[in-house]
Amino acid sequence: MLKRVLLGVVVGCGLSAAQAEEPKTGGVVNAVIQPEPPGLMLAMVQNGPTQMVSGNIFEGLLRYSPKLEPLPGLAESWTISPDAKVYTFKLKKGVTWHDGKPFTSADVLFSIEMLKQTHARARNNLVMVEKVEAPDDLTVVFTLKEPFGPFIGIFEVGSMPMVPKHLYEGTDYKTNPNNNAPVGTGPFMFKEWQKGSFIRMVKNPNYHEKGKPYLDEVYWQIIPDAAARAVAFETGKVDVLPGGSIENFDVPRVSKLPGACVTGAGWEFFSPLSWMWLNNRNPILANKKVRQAIMYAIDRDFAKDVIWNGLGKVATGPSASTIKFYSDDVPKYPYDPAKAKALLKEAGYKGEKIRMLPLAYGETWQRWGEAVKQNLQDVGMTIETIATDVPGGNQKIMEWDYDIAFTYLYQYGDPALGVSRNYITSAIAKGQLFNNVEGYSNPEVDKLFAEGATAPTDAKRKEAYDKVQKILAEDVPVAWLLELQFPTITKCKVKSLITTGIGVNDGFRDAWLDK
Amino acid sequence: MRQFWRTMLRSPSGIIGLIILVLAIVIAVAGPFYFPNSPWRMVQRPFVPPFTLAKVPLGTDALGRDVLAGLIFGARVSLLVGLVSTLVALVVGVPLGAIAGYFGGRVDDALMRFTEFFQTIPSFALAIVLVAILQPSIYSIVAAIGLVSWPPVARLVRGEVLSLRTREYVQAAVVTGQSNAWIIWREILPNALSPVIVLASLMVATAILLESSLSFLGLGDPNLISWGYMVGAGRTVIRQAWWITVFPGVAILLSVLGLNLIGEGLNDALNPRLSREGR
């Protein structure tokens with residue numbers, strides 16, 4: 001029932017967006033930001049809320065469509081050499097920083113040097129780069145050591161924001177006063193931040209896309225309580241609830257309010273995929289049959305429909321369906337308790353106790369843990385839930401002191417950036433919360449992932465990734481649950497907010513208000 | 001003994017309290033035979049309102065679990081925690097109070113300062129800290145509640161013992177050369193028992209409340225369903241589904257009320273000054 005209502009709303013929104021309306025200029029939009037970001041200097045702070053606010057102040061060289069195809073950003077065009085080693089970007093003409101200084105290739109070179117020091121993920125993304133050059137003011141050339149397929153996917157604003165050279169060069173980055181009033185090239189300029197209350201950004205009148213942005217101002221409201229955020233939306237104090245602002249069970253109610261539109265789009269670049277770490281070091285879970293039994297035993301459709309209110313998608317394997325080289329041609333695990341029981345019997349499981357660590361991220365995850373526990377007990381497993389808080393749970397995972405543990409990770413659009421790290425042998429190390437926590441090791445998988453990352457053509461990459469997905473889905477190193485969707489709820493009068501694969505994070509460029 | 005029951009049963013509050021308690025115990029003991037399924041099992045679609053489906057008379061919660069089954073299994077946890085943690089508190093508090101009151105002097109000073117140390121810390125805050133440190137489980141919860149609720153027992157017993165040890169029969173026992181342990185155990189404690197029993201009945205009620213509050217805050221045993229957990233889990237959906245919180249809430253209210261009424265009845269029955277027939 002709930003699902004149908006939601007679906008209706010989603011479809012309804014899609015239709016209204018499809019009817020190309022003429023954008024109207026002017027107006028103020030209030031959005032929720034949760035939690036309050038620790039800072040807004042995107043080159044140094046990488047929290048989700050920072051990315052969401054600052055993605056509208058800063059820009060990257062490229063933007064990405066919901067299908068993760070590169071779109072022009074600060075670079076208006078780009079070429080890739082036939083040997084896939086030289087990437088040439090032509091920058092847009094006439095772009096200025098918020099303080100009026102022109103944006104040039106020198107800023108790009110400086111940003112890359114700065115990010116290598118301040119941005120761990122950017123540093124990793126750039127390891128394959130041999131040199132970066134700027135033959136003229138509007139051209140930047142990246143030369144790679146060897147072909148690196150995912151390279152075109154690393155220019156998103158959160159992954160590689162452009163920083164003004166004239167304000168940061170030669171300063172101590174950490175104490176630079178501009179960190180508190182960031183200057184970017186984006187459609188909105190930072191105006192003020194009342195801590196604990198709101199962040200205000202105003203229209204950039206000199207933005208390089210003519211006529212944009214349409215809105216005059218955007219307020220990011222800081223409201224610490226989930227129920228209060230829902231009420232703020234109901235009373236009209238805020239117009240935009242980005243994904244995760246309110247509890248899942250409140251989503252159907254709030255979506256049904258008059259004038260509310262909901263969409264699951266805008267997370268394709270991150271594609272959060274949830275799974276349960278299965279500690280492959282545990283003698284029981286080391287048995288492939290037990291791991292497969294767990295996959296059959298979990299009712300993932302129930303989790304999607306009831307716990308996530310119909311949003312999301314049942315995962316088929318290590319890749320989310322929204323990222324590149326996803327393959328559907330893998331062994332599937334529908335809900336089948338009988339088969340799970342049979343597999344457990346074959347494996348010789350005799351009811352030994354298995355500890356389960358839910359994710360302490362609030363109601364939804366707690367309920368999910370309870371449901372999965374019941375699923376597993378129904379097929380005869382003995383499960384003991386370990387109650388813990390977020391740091392305690394993280395600690396246990398980092399020390400490999402768990403049997404089953406819930407998690408979800410971003411995939412960053414490409415298997416080489418977000419998937420391989422969870423399964424390759426070289427990513428096993430104690431003391432980390434991500435990467436190969438489960439302790440799975442398979443030389444063939446290692447080889448295929450390496451092939452996929454450096455193969456020169458997409459066809460070759462696909463070949464490797466197709467194979468590796470099949471092997472992993474058969475081996476079940478971890479128990480994949482759902483591709484998560486964090487619904488964004490807006491007042492329907494806010495139009496064109498989500499147009500790219502990172503959604504609200506760079507969405508206010510195109511957003512407009514229907515009066 | 002017959003005298004006791006007669007007085008107890010004469011006070012209407014005692015009768016009502018007894019009825020509620022007996023009912024709760026019967027449900028806790030016999031209920032699971034009628035509900036062989038785990039209360040965690042998802043049996044119906046979520047958010048079934050109460051009194052609409054005969055199979056789930058009190059409706060279902062956010063995951064489609066039977067609220068009635070939860071109530072029945074929750075009764076076991078609540079009563080068990082209430083009784084056992086009270087027992088723990090008595091085991092700690094009675095000897096401490098008796099020793100302090102009987103020996104007096106420095107022993108009394110030392111023990112009472114120790115007791116006051118516990119009394120100055122807000123008991124609920126201490127219980128939260130203890131459970132959080134020990135990892136939430138039924139054992140840590142019982143231990144925590146027991147540990148925070150013994151100081152009143154110790155003080156009460158000390159007071160009683162202080163007044164009893166000056167009585168002639170105690171002094172006679174001292175003169176005849178009985179050992180201290182024998183005197184405390186056989187002569188003093190039996191006579192100090194009535195107020196302790198009354199206090200204990202109230203402590204069970206407090207313990208149930210404490211356990212519910214802990215579970216409400218998410219510090220319950222994650223493997224056992226309890227009323228406090230049900231209220232806590234349903235709290236956030238109260239606008240959509242009132243029944244998930246209201247029924248366990250009423251269960252907590254009734255059982256705590258019942259125990260308080262029993263306490264009152266016991267007080268009437270055991271207090272010689274209130275006894276209607278005199279002794």
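Modeller: Ala84(A) has 19 other C-beta atoms within 10 Å, so Ala84(A) is called partly exposed. A residue is buried with 20 or more other C-beta atoms within 10 Å of its own, exposed with 12 or fewer, and partly exposed in between, with C-beta atoms placed from the backbone. This is a predicted model, where local features need pLDDT of at least 70 and side-chain atom pairs count only at pLDDT 80 or more, while totals for chains, interfaces and linings use all residues. Residues are numbered from 1 along each chain as its sequence is written, and chains are lettered from A and ligands numbered from 1 in the order in which they are written.

Colleague: And why is Tyr412(A) called buried?

Modeller: Tyr412(A) has 24 other C-beta atoms within 10 Å, so Tyr412(A) counts as buried. Tyr412(A) also has a positive phi of about 50 degrees, although it is not a glycine.

Colleague: What makes the peptide bond from Gln34(A) to Pro35(A) cis?

Modeller: Its omega is near -10 degrees. Another cis bond joins Lys212(A) and Pro213(A), with omega about -5 degrees.

Colleague: What is the mean pLDDT of chain B?

Modeller: Chain B has a mean pLDDT of 90, and 97% of its residues reach 70 or more. pLDDT is the predictor's confidence in each residue, from 0 to 100. For the model, ipTM is 0.83 and pTM is 0.81.
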